[in-house]
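Please keep the sequence and the model in view while reading.

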Amino acid sequence: MGLLDGLRVLDLTMWRPGPYATQLLAQQGADVIKVEPPGGEPMRMFRSHFDLLNQHKRSIVLDLKTEHGLARCLELAARAEVFVEGFRPGVADRLGVGHEAAMAVNPRLVYCSLSGYGAEGALSTVPGHDVNYRAYAGALKDAGPSHELPVADMAGATMAAFAVTAACLKARATGIGERVDLGMADVMAHWVGTAPEMASSTGGGPVPGYGVYATKDGRRIALGVVSEQRLWWAACRALGLHEHADVPFTERLGRLRELDTAVADAVARLTRDEAVDLLDAAGAPVAPVLDRAEMMASRNFQARGVIADGTVGAPFRTAVHHGLSPSPVAALDEHRGQGW
């Protein structure tokens, strides 16, 4: 018997963060139903990775763009305690499985949205990957991601599992469901906010356009292009690399040094802010590499409550039951005799 035995979880996530979050729940006994699109989750093409993130789950295929598929998904949501989605902000609503639609069929539901920068805020619609979230959070200091763990992805997933579990406790006690809005960049900012210093890393990225690049003013940006052709195209167009814009992913892998050097040279001709503005306007996954002070001053993280009154707030947002505000640390043995 697991700690979460009997907990029903509807999982509409793909790739890495969401599946890892729901697997953490499944490993503790939760009954996780993985909803996949026709043809299956794209990550199934990478079975060595997919299998590590989707153990202990059940799988069903639903086409949410059909009336039957949507109806079946909402029927499952009505019987679940937890609903987890990892779409870009706004997509779940367009598909008919957003927070309001799900809560309408199950007011006790804990609905968790896991995204790069959160469902709301100035960065909510900005594309990105792990390296971008760490850059905005001040969790990249000197150089690129090398072959490190995808820290933002895994940290966000772990925090999502914690948030869902906490929200389930409250929902079971009160009969009132919850909306958890978790941005992976928020979690990284929360981590950085609790640490006085950051260790540096070294190395380049695994594909052209993924990594940390120096700008002409001595600062850095993080680009998060992976396999998506549209993101590579956007980055090339923004940087004036038109001759490389249509190079397909498999060819990019074979021309790693050449293409990544071209990206680095183009970025080096711009200031950090110029590079971010150009790439962002083109729809490329870019982030300025901030230090801790810049992150703490970020209006985005302040608006989302990750940073509050000059210290760390909460790493995720809830709609009904709000977390506690920052408070002084208790003195040694301050609460002796008070019990629970």
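The model is predicted. Its chain contains 14 helices and 12 strands, and 49% of its 340 residues are buried.

**The chain as a whole**

- The accessible surface of the chain amounts to about 16,700 Å². Carbon and sulfur atoms account for 55% of this surface.
- Of the contacts between residues at least 6 apart in sequence, 71% join residues at least 24 apart.

**The sheet**

- Strands of a sheet pair through backbone hydrogen bonds, and the pairing is either parallel or antiparallel.
- In this chain, 7 strands form an open sheet with mixed pairing, in the order β3-β2-β1-β4-β5-β6-β12.
- The edges of this sheet are β3 (57-61) and β12 (317-318), each of which pairs on one side only.
- Strand β1, made of residues 8-12, pairs with strand β2, made of residues 31-36, in the parallel sense over 4 bridges. Within β2, Ile33 is the residue that stands opposite Leu10.

**Helices**

- Helix α8 (residues 184-193) lies across β5 and β6 (178-183), and α8 runs at about 70 degrees to β6.
- After α7 comes Gly175, which has a positive phi, near 80 degrees.
- In general, an α-helix has 3.6 residues a turn, so residues three or four places apart point the same way.

**Aromatic rings**

- A pair of aromatic rings is described by the distance of the centres and the angle of the planes.
- The chain has 3 aromatic pairs.
- One of them joins Phe83 and Tyr111, whose ring centres are 4.8 Å apart. Their planes are at 10 degrees, and the pair counts as stacked because planes under 30 degrees apart are classed in that way.
- Phe83 belongs to strand β4 and Tyr111 to strand β5, so this pair ties together parts that are 28 residues apart in sequence.
- Both partners have a relative accessible area of 1%: Phe83 is buried, and Tyr111 also counts as buried. The reason is that buried means under 20% relative accessible area.
- The rings of Tyr117 and Tyr136 have centres 5.5 Å apart and planes at 90 degrees, so this pair is edge-to-face.
- Tyr117 lies in the loop between β5 and α6 (130-136), whereas Tyr136 lies in helix α6; the two are 19 residues apart, and their pair links distant parts of the chain.
- Tyr117 and Tyr136 are both buried. Together with Tyr133, they form one aromatic cluster.

**A buried serine**

- Ser113 is located in strand β5, which covers residues 110-115.
- The relative accessible area of Ser113 is 4%, so this residue is buried.
- Leaving aside residues up to four places away in sequence, Ser113 touches Glu85, Arg179, Val180, Asp181 and Leu182.

Terms used: Residues are numbered from 1 along each chain as its sequence is written. This is a predicted model: local features need pLDDT of at least 70, side-chain atom pairs count only at pLDDT 80 or more; totals for chains, interfaces and linings use all residues. Side-chain values use heavy atoms; hydrogens and water are left out. Buried means under 20% relative accessible area, exposed over 50%, partly exposed in between (1.4 Å probe, protein chains only). Contact means heavy atoms within 4.5 Å. Accessible areas come from the Shrake-Rupley method with a 1.4 Å probe; for residues, only the protein chains shown count as cover. Two strands pair if DSSP finds at least two bridges between them. Axes are lines fitted to C-alpha atoms, for helices over the stretch in contact, and angles run from 0 to 180 degrees between N-to-C directions. Rings of Phe, Tyr and Trp (its six-membered ring) pair if their centres lie within 6.5 Å; planes under 30 degrees apart count as stacked, over 60 as edge-to-face and the rest as tilted.
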